[in-house]
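Look at the sequence and the model shown below.

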Amino acid sequence: MLSDQKNLQSPDLSPVTEKMRQALLDKLKTLPAAPGVYFHKATNGEVIYVGKAAVLKNRVRQYFHKTQKDPKTEALVKEIADTDWIVVDTEMDALFLESEMIKRYMPKWNILLRDDKTVSYVRINMRSEVPYVSFTRTPQDDKAVYIGPFYGKTAVAKALRILRRVFPYYDKPYDGKKTLNTDLGLTPGIEVGRMSAQEYKKNLRKLRLYLEGGRHKLISEIEKQMQQAAKEERFEEAAELRKQLFGLRELQKKIVFSDKEFLDISSDQALVDLQKLLGLADPPRRIEGYDISHQSGTNVVGSMVVFANGVSDRSEYRKFKLRNQRNDDTANLREVIERRLKHQEWDFPNLVILDGGLMQVNAVRDLLWNKNIAVIGRDKSGDHTRNAAVRIIIPKIGENQEVMLSPDSHVAKLIARIDDEAHRFAITYHTLLKRKSMLS
């Protein structure tokens, strides 16, 4: 057993000393009795495990209780030299933040300790005549919508049960039969004529938007729809929309989100480091990442991904089909940025991260500087692997600055996460257009 534990430990890490362990135990005495996300770190500062907790004080201290643990957990504990945490408003906040931070840091112990059954996605096949909502551990290439991954099913299942009162849905394939859930108002009631399949799909789109983080956008849309319906004397529809609106506002008080900031960004070391590196007045609250994808100048697309307070906000993602199809990445990027800046109804970012080097930065920096938006480029020289170097170009008046970041640093992890997401989103859209063109 001892030899197994030893093999699980990283040989390149210096051991945790008694002095380190005592300092950590003293630090854990300040843990709050609040929900949040915690980060276990090794002696070299590397984040080796990310977890969530309904009560940080109770959950984190459990690691250091002298109780019997499985060999892998025992080996993890031996590597923990420090622990940091971020406090959030609710368990659901912690669920989404944990998922984002695992994607950012890819901690080795989340992989070693993870039971595949604890990773889940919410699946909705919107192409079905009457879709249903379910959980799965293995997304398929079946054109269904997959929301996640969520590391742990319990919290998101609890949220869905509450959301179901606002947006009733089927949790099994539709067979046209009335059930107890029909009487309880937990299904759309197509089987009894309460709602049409088309109206049901509209509600599912709202449910999806909420789960992807677009809660404020959704509430604003429902308010506008309610006011328009009332103006046009469609009073039954207005009443139903008002019911949804009240339900969502009540949810904000219960489990899912509150009106406060998603998290205290001063607790996100990556954002603080980014502020210092770029000389910004404040940590960047909204960061946009851009990438271009095409095949020899055909099916040219651009992607815009948005990270709010260090966390991806998929409801704000945008994609662009280039009006001028050409094999010129700098011209393509400039077109995308020009078109984006015309959308003043979208909040402007504090920082833009480009997939590219000096040529890409020079192509658009005047557009962004005119709007007081900071910009940097990540120059991977075509290497899109997860282990690609994090070399950034910072434009300066007179001379640009090139900075090579340690791949294990917080800021490097954040930049790589945003850049990877922009690349993934662009490739996905390019592939979609390519398939369509092949079929036409």
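Which residues in H13 meet which residues in H14? Asp329, Thr330, Leu333, Arg334, Ile337, Glu338 and Leu341 in H13 meet Met359, Gln360, Ala363, Val364, Asp366, Leu367 and Leu368 in H14, where contact means heavy atoms within 4.5 Å.

This is a predicted model, in which local features need pLDDT of at least 70 and side-chain atom pairs count only at pLDDT 80 or more, while totals for chains, interfaces and linings use all residues. Residues are numbered from 1 along each chain as its sequence is written, and side-chain values use heavy atoms, with hydrogens and water left out.

**Helices H13 and H14**
- By class, the contact of H13 with H14 has 8 nonpolar, 2 polar and 4 charged residues. Ala, Val, Leu, Ile, Met, Phe, Trp, Tyr, Cys and Pro count as nonpolar, Asp, Glu, Lys and Arg as charged, and the others, Gly among them, as polar.
- H13 covers residues 329–341 and H14 residues 358–369; their axes come within 9 Å and cross at roughly 25°. Helices (H or I, at least four residues) and strands (E, at least two) are DSSP runs, numbered from the N terminus. Axes are lines fitted to C-alpha atoms, for helices over the stretch in contact, and angles run from 0 to 180 degrees between N-to-C directions.
- H13 is therefore roughly parallel to H14 (angles under 35 degrees count as roughly parallel).

- In S13 (residues 390–394), 5 of the 5 residues are buried, that is, under 20% relative accessible area with a 1.4 Å probe, protein chains only.
- Val390, Ile392 and Ile394 point one way from S13, and Arg391 and Ile393 point the other way. In a regular strand the side chains alternate between the two faces of the sheet.
- S12 (residues 374–378) runs antiparallel to S13, joined by 2 bridges; two strands pair if DSSP finds at least two bridges between them. Gly377 has Ile393 as its bridge partner in S13.
- S14 (residues 401–405) also pairs with S13 in the antiparallel sense, over 5 bridges. Ile394 has Gln401 as its bridge partner in S14.
- The hairpin of S13 and S14 has 6 residues between the strands, and Gly398 there takes a positive phi near 100°.

**Positive phi in two loops**
- Most residues other than glycine have a negative phi.
- Asn309 has a positive phi near 55° and is found in the loop between S8 and S9. At 5% relative accessibility, Asn309 counts as buried.
- Met106 has a positive phi near 45° and sits in the loop between H5 and H6. At 37% relative accessibility, Met106 counts as partly exposed (between 20% and 50%).

Technical notes
Parallel < 35°, antiparallel > 145°, perpendicular 65-115°, else oblique.
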